[in-house]
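Dear colleague,

I am handing over the structure below, and after it you will find my notes on what was found. Please read them with the structure open beside you.

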Amino acid sequence: MRSWKSRHRRTAKSKCCAENTMRVKYKGDCGDMMGLKDLEILRQHKPALIGMDQCRKAAVCIPLIETAAGYDLLFEVRSASIDSQPGDICFPGGMAEDGESMQETALRELGEELLISPPQVELIGLMDVLGGSRLYVYPYAVLLREYRSTFNADEAESVFRVPLSFFLEQEPEIYHTTMKVVPEEGFPYDRIYGGRDYAWRERREDILFYQYGEYTIWGMTARIARSFAEIVKKM
């Protein structure tokens with residue numbers, strides 16, 4: 001019995017040493033990144049959206065103009081001579097430049113497109129962010145003062161106003177689109193289950209339309225307007 005116990009203790013000791021050796025090796029391989037003290041790094045981590053570094057960011061202003069009846073929203077009709085979405089209706093805004101915050105982008109674009117100065121603008125705040133396929137749009141509500149319907153003719157054909165009450169009372173028309181996945185040439189089908197017959201998920205998107213007289217407000221601009229109206233309804 002003594003011999004068995006001795007062998008058992010030696011075996012247990014050897015097993016323990018082996019496990020410790022494995023732990024030390026694992027710890028070294030990981031660069032000691034997951035020691036207990038380093039869990040604090042995880043606790044302090046601020047979550048971000050995966051893939052945001054591959055997404056474009058834009059910012060727009062939702063310009064409000066006070067009237068005797070309440071507030072109007074100001075829209076632009078994009079110039080027919082520009083490359084991106086000519087003739088569409090939009091809010092003033094554009095893509096962020098290097099080193100620029102989203103708020104700075106929105107206010108810069110507002111001034112450039114409406115030819116107004118900072119004293120004419122009162123920033124209200126950031127509204128709900130619109131996320132899409134590799135594009136995030138940050139809408140800032142602003143109050144315009146002493147605005148004289150000026151605009152940059154290189155960027156816009158015209159500007160027009162719509163009472164906020166229109167969006168509070170009118171539901172948009174909704175149409176559906178489906179986007180299919182088309183892998184690039186050379187995609188490694190042999191490495192996924194099903195190969196070329198893999199059941200890709202199609203992405204469905206609702207496209208919103210508002211018709212205000214002769215003006216068709218649709219797409220992202222319509223979604224931002226609707227979201228803003230939903231926020232106002234909760235007030």
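The largest cavity has a volume of about 30 Å³, where a cavity is a set of points on a 1 Å grid over the protein atoms alone at which a 1.4 Å probe fits but cannot get out, and a volume is the space filled by probe spheres set on the points, which are joined across faces, edges and corners. The structure holds one cavity of 30 Å³ or more. Its lining, meaning residues with an atom within 4 Å of a point, consists of Glu 76, Arg 78, Ile 82, Gly 93, Glu 113 and Glu 155.

Please keep in mind that this is a predicted model, in which local features need pLDDT of at least 70 and side-chain atom pairs count only at pLDDT 80 or more, while totals for chains, interfaces and linings use all residues. Residues are numbered from 1 along each chain as its sequence is written, and side-chain values use heavy atoms, with hydrogens and water left out.

Pro 172 lies in the loop between α4 (164–169) and β9 (173–179), helices (H or I, at least four residues) and strands (E, at least two) being DSSP runs numbered from the N terminus. Pro 172 counts as buried because its relative accessibility is 11%, the limit for buried being under 20% relative accessible area (1.4 Å probe, protein chains only). Leaving aside residues up to four places away in sequence, Pro 172 touches Leu 208, Phe 209, Tyr 210 and Arg 226, a contact being heavy atoms within 4.5 Å. Between Pro 172 and Ile 207, 35 residues apart in sequence, the C-alpha to C-alpha distance is 9.4 Å.

Finally, the buried residues of α5 include Gly 219, Ala 225 and Val 232.

With best regards

Note on methods
On a 1 Å grid over the protein atoms alone, a cavity is a set of points where a 1.4 Å probe fits but cannot get out, and a pocket is an open set with protein on both sides within 12 Å along at least five of seven lines; lining residues have an atom within 4 Å of a point. Buried means under 20% relative accessible area, exposed over 50%, partly exposed in between (1.4 Å probe, protein chains only).
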